[in-house]
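This briefing is for a reader meeting the structure for the first time. Please look over the sequence and the 3D view before reading on.

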Amino acid sequence: RLPLEITLEDYNNTTEKIYYPSPALNTENAPRGCAPVAGDITLYAPWGNVAIFCKNWSQSNDLIKLGHIDNNGIEMLKVPGEMKVKIERL
């Protein structure tokens, strides 16, 4: 689905930026369980939202790791409030 232009919103006091993909992502046979670090892109399976972690967080068996933002890319997401972003693979 990349490149993708979306609006991210804060979740959990700016620990994460989230959005709900449409259509929903298929999680069948996806390996679950992740202790996310800043920059990890995950899917929270119970709600179907994509969460980009701005801070390290604890292990959750409901997270599916989708990717990671390299270098300083995560720094621009560490501000409060909604923001429009474009995500692409380099």
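The model is a predicted one. A cis peptide bond runs from S22 to P23.

- D40 belongs to strand 3, which covers residues 40–44.
- Is D40 buried or exposed? D40 has a relative accessible area of 2%, under the 20% cut-off, and therefore counts as buried.
- The side chain of D40 makes a polar contact of 2.7 Å with the side chain of H68.
- D40 also forms a salt bridge with K65, in which the closest N and O atoms are 3.3 Å apart.
- Because D40 lies in strand 3 and K65 in strand 5, this pair ties together parts that are 25 residues apart in sequence.
- When neighbours within four places in sequence are left aside, the residues in contact with D40 are C34, A35, A51, I52, F53, K65, G67 and H68.

**Other salt bridges**

- K78 and E75 form a salt bridge with their closest N and O atoms 3.2 Å apart.
- K78 is partly exposed at 38% relative accessibility, and E75 is partly exposed with a relative accessible area of 44%.
- Another salt bridge joins the side chains of E88 and K86, at 4.0 Å from N to O.
- With 45% relative accessibility, E88 is classed as partly exposed.

**Loop residues and backbone angles**

- T14 sits in the loop between strand 1 (4–11) and strand 2. Its phi is near 65°, which is a positive value in a residue other than glycine.
- P23 is placed in the loop between strand 2 (16–19) and strand 3. The peptide bond leading from S22 into P23 is cis, and its omega is near 0°.
- N29 is located in the loop between strand 2 and strand 3. N29 is not a glycine, yet has a positive phi of about 65°.
- Is N29 buried or exposed? At 74% relative accessibility, over the 50% cut-off, N29 is exposed.

**R32**

- R32 is a residue of the loop between strand 2 and strand 3.
- R32 has a relative accessible area of 47%, so it is classed as partly exposed.
- Which distance separates R32 and D62 in space? From C-alpha to C-alpha, R32 and D62 are 6.2 Å apart, while in sequence they are 30 residues apart.
- D62 is also among the contacts of R32, which are T27, A45, N61, D62, L63 and I64 once neighbours within four places in sequence are left aside.

**The largest pocket**

- By class, 17 lining residues are nonpolar, four are polar and five are charged.

- About 180 Å³ is the volume of the second largest pocket.
- It is lined by 14 residues, with Y11, E16, Y44, F53 and L63 closest to its centre.
- Strand 2 and strand 4 each contribute at least two residues to the lining of the second largest pocket.
- Which element provides the largest share of this lining? Strand 4 does, with three residues.
- The lining of the second largest pocket consists of eight nonpolar residues, five polar ones and one charged one.
- F53, among the residues closest to the centre of the second largest pocket, is in contact with D40. L63, also among those closest to that centre, is in contact with R32.

Methods:
Residues numbered from 1 in each chain as written. Predicted model: local features only at pLDDT ≥ 70, side-chain atom pairs only at ≥ 80, totals over all residues. Heavy atoms only, no water. Helix = DSSP H or I, 4+ residues; strand = E, 2+ residues; numbered from the N terminus. Buried < 20%, exposed > 50% of the residue type's maximum accessible area, 1.4 Å probe, protein only. Polar contact = N/O pair within 3.5 Å; in protein donor to acceptor, adjacent residues only side chain to side chain. Contact = heavy atoms within 4.5 Å. Nonpolar A, V, L, I, M, F, W, Y, C, P; charged D, E, K, R; others polar. 1 Å grid on protein atoms, 1.4 Å probe; cavity = no way out; pocket = protein on both sides within 12 Å on 5 of 7 lines; lining within 4 Å. Points joined across faces, edges and corners; volume = space filled by probe spheres on them.
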